[in-house]
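Good morning, everyone. Please bring up the model, and let me take you through it.

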Amino acid sequence: MGLTQMFTTDATNLNRLMNCNGSRLMGGENSPMSAAPIVDGRDEGNAAHWLAQRTFCSDRIENDFIDQKAPNGFFITQDIAEHVGDYNNYIEEHAGSVEFESSFGNEHFVVNCRADHIGIKNGILHIDDFKYGWRIVEPDMNWTLIAHAIGYFIQNPQHTIAQIKFTVIQPRPGHPLGHVRSWQIDYGEFVKLWNKVYDTLSNLSEDLNTGSHCAKCPSLFNCPAARMASMNSIEASTIAHDDEIDNALLSFELDTLYRAKSALISRLEALEELAINRSMKGEVVENYSVERGLGNTTWIKGVTPEIIKTLTGVDVVSGKMITPNQAIKKHANETAVKALTYRPQTGMKLKRIDANKKAQRIFNT
């Protein structure tokens, strides 16, 4: 009998793997989407993380890096500097280490991990995750954060800690609980989760299960479970409205439809990415075309408020630098503003369009 091959994953993918063991068998790393160009949003997030590393417990402040390039070529903006400053202010309250190497494993598996920040204060272990994207991430039962805590305790078995606090710091999207959200458990509950990770990864099944963990799965476009869930979601969404249902059934139906909504959105995003990838290779996806998205008009990198005031006649600093549109509303010279601004590209977007109408528009007939 041959030896069982060791399985390797990472903390980012652990949430999906814990909920859907079979996802590892779907070949997502070789999917058409794996070759898709990296979007600006990911570059922006990497730049924000780089700035956080450079300035954590440092003599240099975040604003020192505004309009400078991060190693990935992305310019540090005022917004990035402000958000990173808020993040650093939070984690500096419990010191610790940034980019903490928290990998762990056994003879069956390896989980590669690197925590954004780990610190201890008043007997509480803090596991902090800085999320700069727009997709909401919750700390509750977050297997990525749990993995970082496992790695920490394996490296520090001598530490006796009663509580573990998992925190997501996500400055951009709105959330009812705010930009900083935490989930705290005692050590006994954490050990149960620790054991569950080891038991699951040592005895992986081939089962496919859908849920919120499907988001950004590289195999979502060809997953039979996701396809079935999306079809079931369409059926669930057509249930007739009945205002006579009791509260228990109302709660059940709300849960069902929210799950349906999540399944449809995840499936739609995966198929949109696949269609964009094929269209960019020259393939024809009927009734759909790809257009390059453009962000809001912004000032050219390196343009100072003094230069703008000289050329437009308007002081653009009011607490913080105002936007080009706000400058125009203050009667700045529009020609000068256009010369000092640009619209950043935001990646490729899939658009539904009638082929005949598109041809008519192109040839102006």
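**A loop residue to start**

Asn-287 is found in the loop between α7 (247-280) and β9 (288-294). Those labels need a word: helices (H or I, at least four residues) and strands (E, at least two) are DSSP runs, numbered from the N terminus. Now the ground rules. This is a predicted model, where local features need pLDDT of at least 70, side-chain atom pairs count only at pLDDT 80 or more, and totals for chains, interfaces and linings use all residues. Residues are numbered from 1 along each chain as its sequence is written, and side-chain values use heavy atoms, with hydrogens and water left out.

Back to Asn-287. Its phi is positive, about 75°, although Asn-287 is not a glycine. Is Asn-287 buried or exposed, or something in between? Buried means under 20% relative accessible area, exposed means over 50%, and partly exposed is in between (1.4 Å probe, protein chains only). Asn-287 has 24% relative accessibility, so it counts as partly exposed.

Asp-67 also gets a mention here. Asp-67 has a positive phi of about 70°, and it is not a glycine either. Look for Asp-67 in the loop between α2 (40-55) and α3 (78-91). Asp-67 is partly exposed, because its relative accessible area is 36%.

**The sheet**

Next, the strands. Three of them form an open sheet, in the order β1-β4-β3, and the pairing is mixed. Its edge strands are β1 (7-10) and β3 (104-105), each of which pairs on one side only. What counts as pairing? Two strands pair if DSSP finds at least two bridges between them.

Take β3 and β4 (residues 109-112). Two bridges join them, and they run antiparallel. They form a hairpin, with three residues between them. Phe-104 stands opposite Val-111 in β4.

How many bridges join β1 to β4? Four, and these two strands run parallel. Here Thr-9 stands opposite Val-111 in β4.

In a regular strand the side chains alternate between the two faces of the sheet. Check that on β4. Phe-109 and Val-111 make up the covered face of β4. Val-110 and Asn-112 make up the uncovered one.

**Two helices together**

Two packed helices are described by the angle between their axes and the distance between the axes. Our pair is α1 (residues 11-19) and α4 (residues 143-155). They pack at an angle of about 115°, and their axes are 7 Å apart. Axes are lines fitted to C-alpha atoms, for helices over the stretch in contact, and angles run from 0 to 180 degrees between N-to-C directions.

Which residues of α1 and α4 make the contact? Contact means heavy atoms within 4.5 Å. From α1 come Ala-11, Thr-12, Leu-14, Asn-15, Met-18 and Asn-19. From α4 come Trp-143, Thr-144, Ala-147 and His-148. By class, that contact of α1 with α4 has five nonpolar, five polar and no charged residues. For those classes, Ala, Val, Leu, Ile, Met, Phe, Trp, Tyr, Cys and Pro count as nonpolar, Asp, Glu, Lys and Arg as charged, and the others, Gly among them, as polar.

**Salt bridges**

Last topic: charge. Side chains of opposite charge can pair when their charged atoms come close. A salt bridge is a side-chain nitrogen of Lys or Arg within 4 Å of a carboxyl oxygen of Asp or Glu. The structure holds four salt bridges. I will show you some.

Start with Glu-101 and Arg-114, which form a salt bridge with the closest N and O atoms 3.3 Å apart. This pair links distant parts of the chain: Glu-101 sits in strand β2 (residues 97-101) and Arg-114 in strand β5 (residues 114-121), 13 residues apart. Glu-101 is partly exposed at 36% relative accessible area. Arg-114 is partly exposed at 48%.

Now Arg-181 and Glu-138. Their closest N and O atoms are 3.3 Å apart, in another salt bridge. Arg-181 is in strand β8 (residues 180-186), while Glu-138 is in the loop between β6 (124-130) and α4, 43 residues apart. Arg-181 has 3% relative accessibility, so it counts as buried. Glu-138 is partly exposed, at 34%.

Finally, Asp-129 forms a salt bridge with Lys-131, with the closest N and O atoms 3.5 Å apart. Asp-129 is buried, with a relative accessible area of 6%. Lys-131 is partly exposed, at 28%.
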